[in-house]
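Biologist: Please take a close look at one part of this model, a ligand site, and describe what surrounds it.

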Amino acid sequence: MKVTAKAPINIALIKYWGKQPSADIKPYNDSISLTLDALYTITTVETHPEGLFSYRLNDRLILGNDLTRIWYFLQTYFPKFKANPSLKITAKNHVPTAAGLASSASGFAALTLALARYYKMSETPEDLAKIAKQGSGSSARSFYGGYVSWKTDGTIAKIPGDTDTLCFVIVLVDANEKYLSSREAMKRTVATAHSYHTYVKESQKKALNMEKAIADNDFSTIGRLTETHARHMHETMSSAMPPIQYLTNESRKVLDVVAKMQDQGIKAYATMDAGSNVKILTKTNHLDDIQTFLHNHGYRDLILSKISNKGAEILE
Ligand code: ADP
Ligand code: DP6
């Protein structure tokens, strides 16, 4: 038997940064994301012809810590794998891996859906999300399209909202692997950042305001909340010990260009995750202006993406 699944990445507007100490993976603050259609993972799962186990990601065998993480995930959450770990898995990230562009979200969502079909398990988004988030928290949101919330009580749901004219322009500052994984970075932030409690309290307020802005289809408020929240998250992690600095001088230069766009009335709002790349949330009618602006400032490495209205799916 052979199963292929595709899962999109999602970019959080209000970001999850820290896990509660519970076995079922709950975030310390509510998060709200958008699902992107241009960046995704495709994963094929099949019986291994020689009865072995292999996991190839982007044409290379997964080894070391990455293999340990996958092996633990498969053994713990797929009882049929534990009973017979003969599987050939081939994954391709159509997104830079471990560069703060959410490859772990699309990667674990595609893997979980392919395995659920292979082992004939439940394929409801709720059940898939419960498993996938054990591999990577943010992957829970990649089973839904559009706006998606993941809350502190563990619930994950689509938020109704108009996403037809929304899009992202991603400025690729650095496609290399980050120096510190999101997992380690958030652990360190929770344990040592003196302002972490303030971050959680503020995020909860912003998540409520974001839900209201989405219901009102108020793009300016959605954008402002997105940008202020991202900046707050990065400030918070920079107060950890030792400080975590994903943003580089290059990222800050892009932020300055975004500020210039805003001064000229372009609705462009920046958000950054665990990496130096900058994602600009905007509306399709501003795309030409934004691209011209970025080109004029020397930025040519851009990825454009609309919002996907569907989450992970089986391809064959
Ligand atoms: P990102 O910003 O890309 O999500 P993370 O630090 O959260 O970065 O996670 C990156 C890690 O996720 C990789 O080092 C790898 O262990 C895992 N990962 C990424 N893509 C896949 C995939 N398709 N299958 C399995 N694991 C993956
Ligand atoms: C900044 O989901 O990659 O992108 O659960 O440890 O795998 P793990 O972390 P991950 O962290 C995502 C952090 C973020 C914010 C977000 O996507 O909500």
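How far from an oxygen atom of ligand 2 does a polar side-chain atom of arginine 69 lie?

Modeller: The distance is 3.2 Å, which falls within the limit for a polar contact (a pair of N or O atoms within 3.5 Å). This is a predicted model, in which local features need pLDDT of at least 70 and side-chain atom pairs pLDDT 80 or more, while totals for chains, interfaces and linings use all residues. Residues are numbered from 1 along each chain as written, chains are lettered from A and ligands numbered from 1 in written order, and side-chain values use heavy atoms, without hydrogens or water.

Two further side chains reach oxygen atoms of ligand 2: an N or O atom of lysine 19 at 2.8 Å, and a polar atom of serine 104 at 3.2 Å. Of the 460 Å² of accessible area (Shrake-Rupley, 1.4 Å probe) that ligand 2 has on its own, the protein covers 94%.

The shell around ligand 2 holds 17 residues, each with a heavy atom within 4 Å of the ligand. Tyr16, Lys19, Gly137, Ser138 and Arg141 are the closest. By class, 6 are nonpolar, 5 polar and 6 charged; Asp, Glu, Lys and Arg count as charged, Ala, Val, Leu, Ile, Met, Phe, Trp, Tyr, Cys and Pro as nonpolar, and the others, including Gly, as polar. Ligand 2 lies between domain 1 (2–160) and domain 2 (166–306), because both give residues to its shell; the bounds come from an automatic or database assignment.

Serine 104 also has a polar side-chain atom 2.9 Å from an oxygen atom of ligand 1. The protein buries 93% of the 570 Å² that ligand 1 exposes when taken alone.

Definitions and conventions. A polar contact is a pair of N or O atoms within 3.5 Å; within protein, one must be able to donate a hydrogen and the other to accept it, and residues adjacent in sequence count only if both atoms are side-chain atoms.
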